[in-house]
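Let's take a friendly walk through this assembly, moving from how the chains sit relative to one another down to a single residue. Have the sequence and the 3D view ready as you read.

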Amino acid sequence: MSIPLNHLLIFTSLLFLTGLYGALTRRNAVGILIAIEIMLNAVNINFVAFTSSLKNTSPELGQVFAIFVIVLAATTAAVGLAIVVAIYRNQKTIYTDEIDLLKW
Amino acid sequence: MHLPILSCLVFLPLVGMILIMLVPRGRDNLIRGIATIATALVLGLTIKLLAAFDQTQSGMQFVEHAQWIRELNVFYHLGVDGISILMIFATALLGFLACVASFGITERTKEYFALYLLLETGMMGTFLSLDLFLFYIFWEVVLVPMYFLIGVWGGPRKEYAAIKFFLYTLAGSMFMLIGILALYFNHTPHTFDMIELTKNSFALYFQQLVFLALFFGFAIKVPIFPFHTWLPDAHVEAPTPISVLLAGVLLKMGTYGFFRISYPILPQAAHWFGPYMGVLAVIGIVYGGFVAFAQKDFKKMVAYSSVSHMGFVLLGLAVFTPAAMNGALLQMFNHAMITGGLFLLVGVLYDRAHTREMDAFGGVWSKMPVYGSILIFISLASLGLPGLSGFVSEFMVLMGSYPVYRWMTIASCIGILLAAAYLLYMIQRVLLGPLNPKWSRLPDINKREIFTLVPLMIFILAVGVYPKIALQYIGPSIEHLLHLLAGKIAA
Amino acid sequence: MNAVDSLFFIRSEIFLAAVIFVVLILDFFIQQKRWLGWLSVLSILIAFFLSPSFYPDSGLFFNYYTLDPFGFFFKTIAYLTIGLTLLASLAYEKIPQKQAGEFYVLLLTMALLLTFMGGATNLLMIFLTIESVSLTSYLLTGFQKFDKRSSEASLKYVLFGAVSSAVMLFGMSLLFGASGTIELSQIGELLKSSASIPQNVLTQTGGANTHGMILMGMLFLMAGIGFKISMVPFHMWAPDVYQGAPTPVTAFLTVAPKALGVAVMARVLFFAFPDLVHKWAFLMTWISIATMTIGNVIAISQSDIKRLLAYSSIAQAGYILAGLATPGELGLQATLIYIAAYLLTNLGAFFTVIAIERNLESNELEAYNGLSVRNPLLALVLTIFLLSLAGIPPLAGFIGKIYIFSSAIKAHSIPLALSIALNSAVAAYYYFNVVKAMYLAPPKVKEPLTNPFPIKLAIGTMLFGTFLIGLWPSLIIQAVVKSLANFPIF
Amino acid sequence: MVTYPVFIPLIPLASFAIIVFFGKWLKEKSAWVAILASAASCVLSLRAAWTVAQGGSFHQSFNWLMINNIPLEFGIAIDPLSAVMLFVVTFIGTLIVIYSVGYMHEDPRYARFFAYLSLFLFSMLGLVLSSTLVQIYLFWELVGLCSYFLIGFWFEKKSAAEAGRKAFITNRIGDIGFFLGIVTFFYATGTVRFADIRPELIHAHAGSAVLTASALLLFCGAVGKSAQFPLHVWLPDAMEGPTPVSALIHAATMVAAGIYLVARLFPLFHAFPDVSQVIAIIGTVTALMAAFFALTQMDIKKVLAYSTISQLGYMTAALGVGGMTAGTFHLMTHAFFKALLFLGAGSVIHGSGVQDMNEMGGLRKTMPITFWTFVMATVAIAGIPPFAGFWSKDEILVRAFESGHRIIFWALVLTALMTSFYMFRLLFLTFFGKTRGHLHPHESPLVMTLPLIILAFGSALIGLPGSPWMHHWFQNFLAAGHPEEIGMNSFVVTISIATSVAGFLTAFALYVLKPELPKRFAKKYWVLYEASKNKLWIDEFYQATVIGWFKAVSKNAFVFDAEVIDRTVNEVGLKTISVSRIKNWIDQYIVDGLVNLTGWTVRKISAVLRLIQTGYIHNYLFVLLLGLLVIVFAVFNI
Amino acid sequence: MEIFNSLATVSFYGVLVGILAVAILTVTTRNLFHAAIFLAFTLLGVAVVYFFLQAEFLAGVQILIYVGAIMTLVIFAIMLTSKIGDPNVPQSNRQRYPALILILAFAVFLISTILKTSWNTTETLQTTDAIRLGKALMGEFVFPFEVVSLVLLIALIGAIVVARSDQ
């Protein structure tokens with residue numbers, strides 16, 4: 001291990017929070033989806049880092065987990081973007097602060 | 001074949017309801033017939049029950065006991081004793097009479113009578129249940145038809161009155177449920193059985209908490225000051241027969257709860273809360289009387305008079321003397337008859353004149369001599385004229401409460417004075433004085449209406465002249481209850 | 001248990017998977033899509049009866065799918081919900097007829113995924129199934145793809161869901177790091193052993209101190225599951241989604257994913273964190289109170305019946321969580337019983353709403369005015385469901401409420417008990433607003449309402465169930481007791 | 001075994017029932033039912049009284065209620081006291097029922113009137129025959145009820161209806177005291193049976209404060225019913241009723257029930273000198289005050305009403321100073337001559353059609369029978385020997401004199417003077433001089449004059465059994481073996497006769513010789529005149545204080561109910577609107593309640609909270625994370 | 001070796017800082033198209049991190065699926081919804097500062113918790129290879145694997161249904 005696990009963890013936390021910030025502040029639905037991808041990547045680094053450097057676990061476990069995360073992230077992105085396309089078709093916008101038919 | 005008479009009492013109306021639901025819409029006479037027959041059968045069975053009832057026994061009779069929910073130790077447990085028998089009878093009688101009085105309902109008859117019968121099932125079940133779980137269920141079952149009966153067939157502000165009634169009572173019963181469950185869990189083995197629970201020895205602190213929880217449920221129903229504000233609204237808006245049941249039976253469910261649940265199961269707490277209940281009772285008596293006096297609406301006046309009269313029941317409960325307890329229970333019965341009658345009479349007038357403003361009338365007695373005489377008769381009973389039933393129970397309560405709470409008793413006497421004041425004032429404004437020419441064509445009370453009133457008058461007079469006919473049923477049970485209370489309180 | 005041996009036990013799931021493909025293929029050939037719907041309903045029924053009559057001793061597929069009584073209970077719930085939703089959607093014309101086949105496929109897949117969700121006992125499967133269920137739900141929500149509201153709902157759903165699952169995943173990664181395992185029960189073991197060793201010894205021996213990570217992981221994980229349950233403060237998506245989604249989907253969404261979310265939550269809390277019970281029980285108490293209160297209070301000012309029921313279902317989630325807030329045998333029983341009762345009642349209510357919506361083309365409360373005249377039976381049925389939701393005896397909802405109350409009182413959780421009591425009164429108010437509209441308000445038009453058979457069947461089933469459980473609660477209680485037979489209870 | 005006295009009250013009850021249920025068919029014949037019934041019970045009463053006079057007694061009862069395991073009996077008991085009352089009630093009652101046939105004919109509610117009379121007779125006889133305090137209370141209320149009905153018999157007249165209510169409520173006030181007195185008495189002694197109330201029992205509790213209070217409270221009942229100060233205000237108003245009613249109920253019998261009660265409980269009052277003193281003072285004050293009021297009244301019935309109050313005060317005072325037999329004696333004599341006076345007045349009203357003495361005068365010629373019987377009665381009440389009033393009044397004065405209460409004695413003497421004066425004033429104003437109004441008076445029919453004649457003989461003779469000429473037979477009979485010492489005090493006799501004559505002379509001077517004098521006196525002593533005429537403004541005082549206060553409390557309680565309990569803070573905005581709609585004021589207030597307050601609050605909270613659901617997904621996400629942060633923070637810190 | 005190691009460490013830190021920087025740009029840039037490009041760099045950076053962690057297979061997967069598939073999808077979506085890429089339109093909503101505060105609070109909380117944490121780490125990284133991963137996927141993880149494949153299929157069908165604009 002070249003750097004301490006905690007340092008890497010701080011990095012992934014910050015990366016995760018960066019993504020979160022994006023999710024919170026983006027107006028554009030696609031932008032939010034992009035931000036979510038960043039968050040998921042942070043999580044994946046966590047899994048890989050843990051599985052590689054911890055004593056009481058196998059190196060495959062975390063990596064397989066990460067693979068599943070990637071696959072589902074891809075699916076989510078696909079579904080999410082399909083929905084974005086659908087809403088663009090219906091409401092001609094994908095800005096979240098313009099999409100408020102349903103409220104209160 | 002041994003007839004499970006109590007189950008019949010509870011479920012006969014339900015059968016009637018199902019039959020009515022099967023009848024096609026529009027067959028009003030058939031529907032009325034079914035409802036009348038169902039309620040008449042209940043009344044008949046009740047009379048049979050009265051005849052078969054062993055007056056010397058203090059315990060439960062005609063007990064029906066069957067397991068219902070094994071996992072919760074819930075039983076289908078019905079029984080009747082001196083405490084409940086009069087209320088059963090009052091329910092059956094008023095149920096029948098109010099059903100006859102409901103013939104005037106012409107709108108959505110099918111729903112009306114179906115709900116009406118459901119209501120009767122609920123009321124009967126409440127008075128007959130010996131299992132808290134069952135009791136609670138019936139208690140709640142009463143609420144729903146009541147909501148509709150007020151809400152659909154009520155007066156101009158029916159929606160408001162109905163939901164107010166419903167929410168008030170529901171909130172109360174939620175607290176009651178908490179109390180019931182607390183009892184359940186603190187008794188080993190866990191049980192909802194009222195009889196079993198009386199054998200407990202809960203700590204005082206626990207008893208007080210549970211008593212308070214139950215108190216909210218019962219007090220709202222009674223209603224005890226300051227939980228009474230739903231009552232005038234509900235009464236004013238409800239159709240006449242429903243007002244009758246509301247005042248005649250539903251209010252008693254609250255005080256019955258004290259007799260049946262709070263007192264035997266939580267004796268020390270009951271004793272501890274006695275003085276506070278007494279104070280609330282006196283406030284209710286006097287306050288209700290004063291407010292009744294200020295009313296312009298006939299029905300509202302009667303409604304507030306209920307607050308005042310139910311205060312006597314509470315006062316009787318607050319002291320632990322035989323006279324007061326007997327009196328309180330008798331007052332429940334008497335008030336059912338008297339107020340039931342008064343509401344019927346208000347209804348008679350309202351049906352004809354379409355107003356309840358007392359000032360709008362005047363001199364009606366000369367146009368409606370029979371009506372006027374009946375109204376005066378029942379009003380006199382309500383104001384506690386000796387020889388009529390109201391006097392006996394109020395007398396017993398005051399007699400019983402005097403040695404315990406002297407000043408409260410004296411203060412309650414103001415209530416008696418007030419009763420005379422507001423009832424005579426009512427009579428004056430409605431019946432006496434010069435005839436308002438607007439009412440020169442009022443027809444007198446008709447035969448059907450008289451038919452609904454005569455039985456009530458008979459009981460008012462009979463109990464007033466010879467109270468033993470009612471007291472003989474309740475005496476041993478009250479004695480038993482007091483004995484139980486005395487033992488527990490001393491311990 | 002290895003994969004080959006496991007196959008025997010998942011025959012119903014395999015059957016269902018096969019049906020999914022069959023329907024997909026038949027979709028190309030059959031123009032009358034409702035036959036596909038009936039086929040789906042039938043296959044759900046068959047699949048249910050194909051379930052093995054006994055349970056394996058260990059988790060299937062190397063512990064990636066646990067088939068136990070607890071899971072079976074939720075499987076029943078999932079199948080029931082899906083089956084009835086299928087029935088109801090047969091009568092829901094707003095689903096584009098062309099895509100109806102895919103709609104049924106999605107629902108069938110949902111049934112399968114929910115089953116797996118109920119059998120998930122490790123973090124990977126939890127993530128996988130929650131995410132898959134969510135994905136399918138997003139699609140179902142957006143299925144009325146030319147409806148602005150539907151697609152808006154699904155957009156909000158997908159964005160909210162994706163963020164929640166990212167948060168959950170982050171928590172999972174921390175848990176994985178802290179324990180080195182993804183098995184819930186092993187996490188529990190580890191926590192137990194680390195709790196028994198004093199902290200200072202650990203640091204001296206160069207051991208790990210991951211307490212903070214575990215706690216953080218647990219909470220993040222709970223957030224992700226809470227999103228499914230729509231518990232406060234992770235509920236914000238729910239009203240919009242429930243309102244916007246096609247009504248049968250709403251019916252389904254308010255019940256099944258929520259129930260399964262609770263199942264997962266229970267498994268996580270009881271298997272992985274029994275030693276943190278004091279923390280999460282406290283948390284659950286207040287979350288439960290907040291959930292029921294916010295749901296009920298906001299529901300009061302709603303005028304759209306779907307949105308009203310959406311908030312109501314948030315509140316109901318609060319009651320369900322109350323069972324978890326008072327951990328113990330009774331609490332769990334309460335949770336399960338409440339879920340069952342809630343399923344019957346809430347589905348019933350929504351189905352009735354579907355039946356009305358079909359005719360009125362509106363979900364506004366005003367449109368319900370005088371419904372009791374236009375269709376007395378429907379009004380009566382909806383009233384009964386609403387009463388059951390309000391917890392009035394002798395209906396299913398009452399049994400649930402009694403149990404929830406009991407568990408709160410038995411655990412001496414006075415705030416919880418009081419909150420349930422007050423909330424019940426508040427809830428009654430808005431339920432009765434609907435009743436008021438139906439019975440007390442005069443109708444604008446008098447024409448009667450008519451409905452096709454499937455929806456009647458669905459409503460009838462629910463009505464029967466509501467009364468059955470209300471009058472014969474032993475039935476559900478016994479089932480629940482059985483399903484909790486080997487659930488770890490402390 | 002049921003003995004015949006049981007039927008004494010039951011026969012009128014049966015008559016009542018018959019007339020109520022069959023009145024429609026009986027019509028005029030209802031009167032005969034009532035007459036027969038009262039005559040029958042009169043006969044039975046006489047027989048019973050005869051038996052008692054022979055030393056017998058009746059007592060019959062059954063258990064009515066159990067109060068804390070002490071049985072409360074219900075029954076009849078006849079002793080000398082009740083025998084006297086029985087005689088008075090049934091005898092006078094029968095005469096008045098007969099009289100009513102004439103007086104009430106042509107009234108649309110003719111049958112109902114006789115039903116009420118029968119009911120009253122039943123109640124009054126029940127009262128007299130009661131064997132316990134509770135029972136007496138029961139009938140006490142019933143007679144009050146009959147009085148209420150009969151005062152308001154012409155209920156179309158607002159004043160009549162009002163008067164009935166006033167009577168009932170005023171009585172109720174006294175009755176509450178009575179009721180509490182019974183309760184306290186019961187708990188102090190453990191019994192309410194009259195048979196148990198003997199000096200021995202009372203002595204066992206001598207000096208007991210509770211029993212003192214009890215005695216005072218019991219006396220409250222008498223104050224109400226016998227119209228003693230300060231509850232006398234109802235009786236003059238009660239004259240709104242038909243005159244036979246005034247005669248029977250508000251002069252002869254019912255109002256005497258209070259005196260009867262005090263006499264009944266004499267051992268109790270006698271044992272507490274303080275209480276006796278209160279009774280004596282109240283009696284005296286009442287007697288003096290009412291006589292003073294009677295001086296200036298111009299309504300013939302009002303004069304008689306105040307006279308009744310005054311005479312009742314006399315009796316009360318007698319009982320207060322220890323003259324049990326004296327009081328009772330006066331009760332009996334008063335019943336006769338006052339009934340006669342009222343019936344005579346009734347006859348005058350019937351014959352002339354007016355009640356105001358300003359319009360009368362000179363009726364002597366047109367109504368001779370009425371005039372002569374009226375003279376008999378006036379002489380009796382004025383205390384001219386040997387008529388009835390003289391003997392009883394004299395005995396009371398003797399009692400008062402011997403008791404040593406000088407002020408009371410002189411006050412009573414003054415009362416006697418005024419009595420004589422206002423009675424002769426009435427006589428002169430009505431029958432002498434010239435007719436002042438436009439009247440066409442005629443003599444009443446026989447059915448009315450016959451009772452007058454009988455009563456006139458009664459008024460003349462009924463005093464004799466108590467006179468020294470018959471060795472105080474009556475007093476001995478009443479004291480039943482414990483004869484009180486009856487002294488003839490020549491000083492008192494002289495004073496008594498002197499006052500009577502003085503009263504007569506003054507009246508004669510003022511109203512026959514110089515009819516213009518009274519007006520001058522009225523101007524000169526206008527303070528006294530106005531005080532008397534306006535009855536010391538007591539009614540007005542009550543109206544302003546007690547009744548006003550009562551109404552205010554009632555109104556405020558209702559407002560409190562609507563505003564505070566039912567409404568509270570609710571909708572400050574609406575309040576401003578409601579000011580503009582004062583008509584719907586109360587409605588507006590009832591709309592909202594504590595429940596509504598809660599409901600309103602919840603609805604408002606709801607309306608605010610739903611705004612959190614902005615519809616913007618980024619806000620939702622923000623809430624999610626904020627919530628998570630809060631949760632994490634909370635859980636880490638517990 | 002020592003120098004190589006420290007060089008690797010320094011470059012690792014450098015990569016991490018770089019990723020963070022690019023990620024921040026991704027979420028803040030006004031041009032959505034630029035954001036997509038920055039995302040691609042972020043994802044590439046993550047792949048580099050996997051290399052550092054000696055998870056070569058995963059790094060490959062990352063590049064293939066993310067940079068290949070997801071990026072394509074994203075850009076495709078941006079194109080489809082056109083105009084949106086206009087840099088003059090503000091790309092962040094009005095809750096920027098509250099969000100920043102929230103994120104900072106989270107950061108403080110997370111980092112302080114992480115700093116309190118110690119791990120039971122191995123001396124050297126545990127490594128694995130594609131074969132073992134493949135065996136695991138088809139062995140122990142076969143069930144989730146199958147489930148995911150089913151989900152993928154159905155989700156894609158669903159996505160197509162929803163996205164297609166037929167009538």
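This is a predicted model: local features need pLDDT of at least 70, side-chain atom pairs count only at pLDDT 80 or more; totals for chains, interfaces and linings use all residues.

Chain B and chain E do not touch either, with 39 Å between their nearest C-alpha atoms.

Let's turn next to chain C. Its secondary structure comprises 22 helices and 0 strands. The radius of gyration of chain C is 22 Å, close to the 23 Å given by the globule rule for 490 residues, so chain C is as compact as a globular protein of that length. If you draw a box along the principal axes, the C-alpha atoms of chain C fill roughly 80 × 55 × 40 Å. Buried residues account for 70% of the 490 residues in this chain.

Now move over to chain B and its helices. Two packed helices are described by the angle between their axes and the distance between the axes. In chain B, helix H1 (residues 5-22) packs with helix H2 (residues 28-52) at an angle of about 175°, and their axes are 9 Å apart. Because angles over 145 degrees count as roughly antiparallel, H1(B) is roughly antiparallel to H2(B). On the H1(B) side, the residues making the contact include Ile5(B), Leu9(B), Leu12(B) and Gly16(B). From H2(B), the contributors include Ile31(B), Ala38(B), Val42(B) and Leu49(B). What classes of residue make up this contact? The contact of H1(B) with H2(B) has 15 nonpolar, 3 polar and no charged residues.

Finally, let's zoom in on one residue of chain E. Leu39(E) lies in helix H2 (residues 32-52) of chain E. Is Leu39(E) buried or exposed? Leu39(E) counts as buried because it has 29 C-beta neighbours inside 10 Å, and the cut-off for a buried residue is 20 or more. Leaving aside residues up to four places away in sequence, Leu39(E) touches Thr26(E) and Met71(E) in chain E, along with Ile34(A) and Glu37(A) in chain A.

Note on methods:
Residues are numbered from 1 along each chain as its sequence is written. Chains are lettered from A and ligands numbered from 1 in the order in which they are written. Axes are lines fitted to C-alpha atoms, for helices over the stretch in contact, and angles run from 0 to 180 degrees between N-to-C directions. Helices (H or I, at least four residues) and strands (E, at least two) are DSSP runs, numbered from the N terminus. Angles under 35 degrees count as roughly parallel, over 145 as roughly antiparallel, 65 to 115 as roughly perpendicular and the rest as oblique. Two residues are in contact if their C-beta atoms, placed from the backbone, lie within 7 Å. Ala, Val, Leu, Ile, Met, Phe, Trp, Tyr, Cys and Pro count as nonpolar, Asp, Glu, Lys and Arg as charged, and the others, Gly among them, as polar. The radius of gyration is taken over C-alpha atoms; the globule rule is 2.2 Å times the number of residues to the power 0.38. A residue is buried if 20 or more other C-beta atoms lie within 10 Å of its own, exposed if 12 or fewer, and partly exposed in between; C-beta atoms are placed from the backbone.
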